[in-house]
Amino acid sequence: MRSVIDITDLSKEELYGLIDTANDIIENPGKYAHACAGKKLATLFFEPSTRTRMSFEAAMYELGGSVISMTDGASSSASKGESVSDTAKIVSCYADIIAMRHPKEGAALVAAKAATVPVINAGDGGHCHPTQTLADLLTISREKGRLDDLTIGLCGDLKFGRTVHSLINAMSRYENVRLVLISPEELRLPDYVYNDVIVKNGMKCVQTSDLSWALPQLDVLYMTRVQRERFFNEEDYLRLKDSYILTPEKMGHAKPDMIVMHPLPRVNEISVKVDDDPRACYFKQALYGKYMREALILSLLSANPEK
Ligand code: CP
């Protein structure tokens with residue numbers, strides 16, 4: 001029984017294997033239509049979600065399995081004081097695999113230690129979001145044709161943006177990846193990611209607050225939302241929320257084959273006028289997340305497609 005709490009729980013070879021499986025699901029969905037028949041996924045979401053929860057649920061249905069769901073902590077016995085550990089133990093009695101999102105960093109690890117079925121971290125506070133990274137890796141691999149030899153700009157809220165932390169961890173395994181970290185001073189990457197991942201792995205990296213300076217260098221631009229729900233003070237959020245807005249005019253300074261990614265939801269950081277640009281990949285990225293979640297569920301349940 002194995003859980004995925006952090007992207008580093010998966011080896012580089014396993015990541016390539018999941019990408020291969022996801023590509024095969026895209027090409028041959030019928031082969032996988034009954035792979036999880038008789039299995040149940042529980043989605044436990046103590047924080048709001050559209051993409052992650054619904055793509056996990058769609059993934060399980062497309063594999064022939066079924067889903068039980070808790071969409072809101074307030075409607076569960078967590079509101080009466082039940083611990084994450086007890087919740088995980090109980091839900092293990094009802095489901096074969098759990099996908100859990102929680103506002104507290106480390107909650108998914110606590111759940112995994114108590115559960116008797118695999119737990120997938122669907123986002124724990126500002127810490128990490130490994131299945132978003134799976135979606136990101138499939139997007140980069142399909143749209144750029146490689147995961148090595150890339151200059152990747154990460155722009156916006158790098159402090160609280162858990163998707164950024166997980167993506168940097170994943171990209172540290174690939175060759176010749178250069179990072180351009182674009183953020184206001186106050187929203188820079190936390191030291192535990194900068195020192196323990198970027199410095200420790202000898203990644204090439206520059207930090208700047210200037211998106212216009214960075215844009216012409218990039219193969220991938222990964223925009224992020226300023227994470228209002230993680231701010232202690234509304235005034236700071238209001239001051240920082242529109243630090244970066246990607247517009248068609250700015251896209252004019254980017255490479256013709258740069259791709260624009262965003263984990264979504266978007267608030268104001270990418271103008272809707274950019275959506276028609278063929279380099280805008282964020283809606284495809286959300287779709288790819290479903291296929292990678294299918295691949296991960298198959299792997300954790302050791303389920304096989306039809307030959
Ligand atoms: N990208 C992402 O995690 O989206 P949701 O919050 O809608 O799940």
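Helices (H or I, at least four residues) and strands (E, at least two) are DSSP runs, numbered from the N terminus. Tyr-16 is partly exposed at 34% relative accessibility, while Tyr-174, at 5%, is buried; buried means under 20% relative accessible area, exposed over 50%, and partly exposed in between (1.4 Å probe, protein chains only).

A charge also meets a ring: Arg-293 lies over the face of Phe-56, 5.3 Å from the ring centre. The criterion asks for NZ of Lys or CZ of Arg within 6 Å of the ring centre and within 35 degrees of the ring normal.

Turning to the strands, four of them form an open sheet with parallel pairing, in the order β2-β1-β3-β4; two strands pair if DSSP finds at least two bridges between them. The edges are taken by β2 (66-70) and β4 (119-124), each with a single partner strand, so one side of each has no neighbour in the sheet. From one strand to the next, the twist averages 15°. Five bridges link β1 (residues 40-45) to β3 (residues 97-102) in the parallel sense, and Phe-45 has Arg-101 in β3 as its bridge partner.

Helix α2 (residues 51-62) packs on this sheet and touches β1, β2, β3 and β4, its direction making about 175° with that of β1. Helix α3 (residues 84-92) packs there too, touching β1 and β3, at about 155° to the direction of β3. Contact means heavy atoms within 4.5 Å; axes are lines fitted to C-alpha atoms, for helices over the stretch in contact, and angles run from 0 to 180 degrees between N-to-C directions.

Finally, zero disulfides are found in the whole structure, a disulfide being a pair of cysteine sulfur atoms within 2.5 Å. For Cys-128, the closest cysteine sulfur, in Cys-205, is 19 Å away, too far for a bond. Cys-128 is buried at 3% relative accessibility, and Cys-36 is buried at 0%.

Residues are numbered from 1 along each chain as its sequence is written, and side-chain values use heavy atoms, with hydrogens and water left out. In this predicted model, local features need pLDDT of at least 70 and side-chain atom pairs count only at pLDDT 80 or more, while totals for chains, interfaces and linings use all residues.
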